[in-house]
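Visitor: Could you walk me through this one? I would like to ask about a few places as we go.

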Amino acid sequence: DLIGEQTGILPNREWKEKRFKQSWYVGDTPSLGIGQGYNAFTLLQLAHATATLANHGTVIPPHLVRATVNPATAQATKIAMNPTRKIQLPESDWNLVIQGMMDATRSGTARAIFKNAPYEVAGKTGTAQVISIAQDAKYDSKKISRKHHDHSLFIAFAPARKPKVALAVLVENGGFGAKAAAPIARAIMDYWLTGKNDLGLPPPKLTRTPR
């Protein structure tokens with residue numbers, strides 16, 4: 001029920017041959033795997049993918065509308081939030097990826113942000129380049145315009161073993177993922193899971209499997 005959402009790009013052999021009239025090279029696969037190359041997604045798509053990962057492959061379409069109300073009868077009709085399909089992968093594969101994301105918040109790039117969190121988090125920091133840097137050059141934010149600084153990205157779900165919330169955060173020109181996006185994610189998760197309110201928001205009302 002969201003009109004105008006853009007179509008993302010999850011490239012494969014057929015897409016590249018149609019788009020660029022080129023074959024899929026060996027080097028395209030690892031580039032795709034680490035989030036580079038032709039990947040292009042909206043934040044909603046990233047959050048949806050994160051929720052699907054949290055649900056071990058159960059795909060539940062996101063909704064903005066919880067229910068509709070008939071103005072004449074005041075009768076409410078809830079919007080169905082049912083799984084549409086299941087991504088078939090060995091359970092060991094889901095567990096391996098989720099374990100790696102948990103390590104990212106315990107001993108990896110986001111460890112400082114989630115230190116002493118009263119819940120387990122599975123997350124991944126990310127950095128999206130705004131401008132290209134020469135192969136032999138080093139990125140130095142002090143030498144480039146603010147509008148050309150990297151974008152800060154973070155995806156996560158929690159609690160990691162029994163998820164209730166999944167999210168994707170982007171801070172434009174915020175730099176490294178743990179610098180700007182991850183702290184916002186921590187504040188949101190604290191608010192949703194513990195009631196700690198550093199955001200000035202009303203108390204959360206929903207606690208359900210991430211969708």
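Visitor: Which residue just after α3 takes a positive phi?

Guide: That is His-56, whose phi is about 55°. Keep in mind that what we are looking at is a predicted model.

Visitor: Which residues of α3 are buried?

Guide: Ala-47 and Thr-50 are buried, and so is the stretch made of Ala-51, Thr-52, Leu-53 and Ala-54. The elements that cover these buried residues include the strands β1 (58-59), β6 (151-158) and β7 (165-171), together with the helix α4 (91-106).

Visitor: OK, α4 then. How many residues does it have, and which are buried?

Guide: Helix α4 has 16 residues, and from its first C-alpha to its last it reaches 22 Å, close to the 22 Å expected at 1.5 Å a residue. Its buried residues are Trp-94, Ile-98, Met-101, Met-102, Ala-104 and Thr-105.

Visitor: Why are those said to be on the same side of α4?

Guide: Because they cover an arc of only 150° around the axis, which puts them on the same side of the helix. On the other side of α4, Ser-92 and Leu-96 are exposed.

Visitor: What covers the buried side?

Guide: The cover for the buried residues of α4 includes α3, β5 (122-128) and β6.

Visitor: Switching topic: how many aromatic pairs are there?

Guide: Searching the whole structure gives four aromatic pairs. In one of them, the ring centres of Trp-15 and Phe-20 are 5.7 Å apart and the planes stand at 75°, so this pair is edge-to-face.

Visitor: What about Phe-20 and Tyr-38, how are their rings arranged?

Guide: Their centres are 5.1 Å apart and their planes are at 35°, so that pair counts as tilted. Phe-20 belongs to helix α1 (residues 13-20), whereas Tyr-38 is in the loop between α2 (28-33) and α3, so the pair ties together parts that are 18 residues apart in sequence.

Visitor: So what do the ring pairs link into a cluster?

Guide: They link Trp-15, Phe-20 and Tyr-38. Trp-15 is partly exposed at 23% relative accessibility, Phe-20 is partly exposed at 31%, and Tyr-38 is partly exposed at 28%.

Visitor: Which charged end sits over the ring of Phe-20?

Guide: The charged end of Arg-19 does, at 4.7 Å from the centre of that ring.

Methods
Residues are numbered from 1 along each chain as its sequence is written. This is a predicted model: local features need pLDDT of at least 70, side-chain atom pairs count only at pLDDT 80 or more; totals for chains, interfaces and linings use all residues. Side-chain values use heavy atoms; hydrogens and water are left out. Buried means under 20% relative accessible area, exposed over 50%, partly exposed in between (1.4 Å probe, protein chains only). Helices (H or I, at least four residues) and strands (E, at least two) are DSSP runs, numbered from the N terminus. Contact means heavy atoms within 4.5 Å. The expected span of a helix is 1.5 Å times one less than its number of residues. The arc is that of the directions from the helix axis to the C-beta atoms. Rings of Phe, Tyr and Trp (its six-membered ring) pair if their centres lie within 6.5 Å; planes under 30 degrees apart count as stacked, over 60 as edge-to-face and the rest as tilted. A charge sits over a ring if NZ of Lys or CZ of Arg is within 6 Å of the ring centre and within 35 degrees of the ring normal.
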